Amino acid sequence: MLNDYYDFSNGQDQEKWADTENVKGPSHHKIPYVAWSIIGMAVLLGTWISIQTTWWIAFIGTIGILVGFAYSAGQHSLASLGLGEIVAAVFLGFVTTGLGYSVQGHAINGLVLIIAFLFALLIATMILTINIRDFKKDQGYRNTLAMRIGRQSAIRLLTGLLITIYLCVMMLIFFQIVSWTAMITFLALPLAYRLRWSFRNTATRENEMRAMKWAGWHHWAFGLLFVLEL
């Protein structure tokens, strides 16, 4: 929500929001109130979890909130510096997976980091998909990774990330870190294909706009199948 707020403030997505009360639709100036209310609820939940486990949770959560704010805010936001994919991979991949494990009383080990790496790749594909889709829209506003390396290189990077995810699963099975039943994650492969197909050379703008839907479905399906296997 804060990302939407700052995009509009910087001159983007003018068609999405109303800036007066007289226009039918969501009011742009109300977004921060809703966003910070949601963050407030997260703080309450995080405080309760910290009381039950360790106050390191509160410390890490505070950093996460600050990074979430810095992702979009200001002229030199993390997203505008081309760090969107890395930030998401760290805080929505490694951090969330590690915390989910540690709050259950377990010490972080190599297996958890490997699993976290898979989810880091998954969320990175979502952010990269957004940046490829918004390549023209971001020009003059953000210097995303896609803009830094070029659109075609970004598409090739997206392809590489998707392939790496499934190669990692095969390596985990080969080294008997997970059971062969982890092959169930390959049921999500058609969604990965649809995501990549959205950026084919002959793709229309409508196809590209739907890419985020396929990225979200792929993240959800792969993640659920992998967790079920574990």
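## Terms and model

Partly exposed means a relative accessible area between the limits for buried, under 20%, and exposed, over 50%. R210, with a relative accessible area of 41%, is therefore partly exposed. The structure described here is a predicted model.

## Salt bridges

The whole structure holds 4 salt bridges. One of them joins the side chains of E206 and R210, with 2.7 Å from N to O. These two residues sit 4 residues apart in helix α10, so about one helical turn separates them. Like R210, which is partly exposed, E206 is partly exposed, at 49% relative accessible area.

A network of salt bridges links R151, R205 and E208. Within it, the side chains of E208 and R151 meet at 2.3 Å, N to O. E208 belongs to helix α10 and R151 to helix α8, so this pair ties together parts that are 57 residues apart in sequence. The side chains of R205 and E208 meet at 3.1 Å, N to O. R205 and E208 are 3 residues apart in helix α10, about one helical turn. E208 is buried, with a relative accessible area of 11%, whereas R151 is partly exposed at 23% and R205 is partly exposed at 43%.

## Nonpolar core

The largest nonpolar core has 45 residues, and L118, I132, L195 and F222 touch the most other members. Helices α4 (84-102), α5 (110-133), α8 (151-174), α9 (189-197) and α10 (205-229) each supply at least two residues of this core.

What does I132 contact, leaving aside its neighbours within four places in sequence? The residues in contact with I132 are A146, R151, A154, I155, L158 and F199. R151 in this list is also a member of the salt-bridge network with R205 and E208.

## Aromatic pairs

A search of the whole structure gives 11 aromatic pairs. One of these is formed by F222 and F226, which are stacked, with 6.1 Å from centre to centre and 5° between the planes. Both residues lie in helix α10, 4 residues apart, about one turn of the helix. F222 is buried at 0% relative accessible area, and F226 is buried with a value of 0%. Ring pairs link F222 and F226 with F119, Y166 and F186 into a cluster.

Another pair is made by F174 and F175. Their arrangement is edge-to-face, at 5.1 Å centre to centre and 85° between the planes. Are these two residues buried or exposed? Both F174 and F175 are exposed.

Helices α5 and α8 each supply at least two residues of the patch. I114 is placed in helix α5, and its relative accessibility of 31% makes it partly exposed.

Q176 is found in the loop between α8 and α9. The phi angle of Q176 is near 60°, a positive value in a residue other than glycine. Q176 is exposed, with a relative accessible area of 70%.

## P32 in helix α2

P32 lies in helix α2, which covers residues 31-52. At 17% relative accessibility, P32 counts as buried, because the limit for buried is under 20%.

Key
Residues are numbered from 1 along each chain as its sequence is written. This is a predicted model: local features need pLDDT of at least 70, side-chain atom pairs count only at pLDDT 80 or more; totals for chains, interfaces and linings use all residues. Side-chain values use heavy atoms; hydrogens and water are left out. A nonpolar core is a set of buried Ala, Val, Leu, Ile, Met, Phe, Trp, Tyr and Cys residues joined through side-chain atoms within 4.5 Å. Buried means under 20% relative accessible area, exposed over 50%, partly exposed in between (1.4 Å probe, protein chains only). Contact means heavy atoms within 4.5 Å. Rings of Phe, Tyr and Trp (its six-membered ring) pair if their centres lie within 6.5 Å; planes under 30 degrees apart count as stacked, over 60 as edge-to-face and the rest as tilted.
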